[in-house]
Amino acid sequence: MKLAPRETRPTAPTPAEVDEIVAITDPVLRNLRITEAYHRLAMAFPGPRPGANWCAFAVWASKQAGQTIRGEDLLRALERALGEGRTLASIAGGVVRLALRNALAHPGTRRWRVVKVLGQEAFDRAADALARGNRKVFGEIGREFARFLQICGMIPIPETELSRFLSAVPVGGEPSRADYLHRAFRHLAQALETEDHGARAELMLLSNLEIAYFEQARVQPEILAALEAPYTSTRQLGRALLAAISPGAADWPPLVRTPLAFAVGLGGRVAEAALRSLLRRLITEELITLTLPGEVLRLGRNLAGEPPACLRNPRNPELRDLLALLAPPPDDLDGSGADDWSRLEDRMITIGRFFLLRHEEPKLYEPPFTEAQLRELRAGRIPGGVL
């Protein structure tokens, strides 16, 4: 057996460190630590680069999720959408759109606060759902990568060690693909002992797609929560709107405040319904946006191009079968498959094509944070600057 290449690589997180990060209660700090840990996992993976492992993609998906988790740019997103003339639900039409634009043009006013309440709730739900999904995926898949890297000291990995590792890999997700995570790590192990560049690339891509299926099935509840969940009650909505309309309402007698909040909440339900289609679209766009170094991708629009030469005519039969399942339908003009991000199969068409086209993208391995930001993170603090 030959030793793995002696290239200087960062120390990968241990399973214990993964557990420590998952236990962080602050969702913003936890997301930043998850993003940094994915980078270390990606960089510690043995073998030549480029040729992305799943963690290299996960770095930038987690970093993008962080923008929503931190609640950045809500009002700018609304203003951009309204400025582009997008319609709301058909019952609202241009009158509501003009009212929203007018409200957002006057920051700090009563009507501005009302719109912020209605919009912020939707984005807060998305932030909470994405934070839960970010934690779940890292705790499950990130932890398995940390365990896998512990047995990669010898290439090929001894079968006894690989079997012991695989026996603890979880199953789950979509029933027909419940063993995909198990299969993915088996294919990763095969890739590490394969010297042929093309065969190795095919095994790596196959593994990435299998992990993506497992991941996306596992976060399906969180995706739906981000896109669908309304306020928990009319009274809750009414209280938030009443506070926006009259900040002193909390001091009013309950006999006045409670029925008034309920009445305001009923009116808010009408406005919320009018806003819902626009907010769903905005949140979807946040979910399908990916910022790489020097590049912002809208995954539903920027998926043109050719795969790397080593992946244009795959020979691996399992990979060919999986890519056939992920082919965009004939009426999908841009080939994105991303019309409805709430549907697992639509997401996988987009993700699969992105993984295929960007398999040898060097910028996937660039650090997500500066050295100064990393020092702050290691000290348990949220860094300043652009995150």
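**Cysteines, and a pair of helices**

A: The structure holds zero disulfides, a disulfide being a pair of cysteine sulfur atoms within 2.5 Å. This is a predicted model, in which local features need pLDDT of at least 70 and side-chain atom pairs count only at pLDDT 80 or more, while totals for chains, interfaces and linings use all residues. Residues are numbered from 1 along each chain as its sequence is written, and side-chain values use heavy atoms, with hydrogens and water left out. Cys152 counts as buried because its relative accessibility is 6%, and Cys310 is buried at 16%, where buried means under 20% relative accessible area, exposed over 50% and partly exposed in between, with a 1.4 Å probe and protein chains only.

Turning to the helices (DSSP runs of H or I, at least four residues, numbered from the N terminus), the axes of α7, residues 159–167, and α8, residues 180–192, come within 10 Å and cross at roughly 160 degrees. These axes are lines fitted to C-alpha atoms over the stretch in contact, with angles from 0 to 180 degrees between N-to-C directions. The two helices are therefore roughly antiparallel to each other, a term for angles over 145 degrees. Their contact (heavy atoms within 4.5 Å) is made by Glu159, Leu162, Phe165 and Leu166 of α7 together with His182, Phe185, Arg186 and Ala189 of α8.

Conventions. Parallel < 35°, antiparallel > 145°, perpendicular 65-115°, else oblique.
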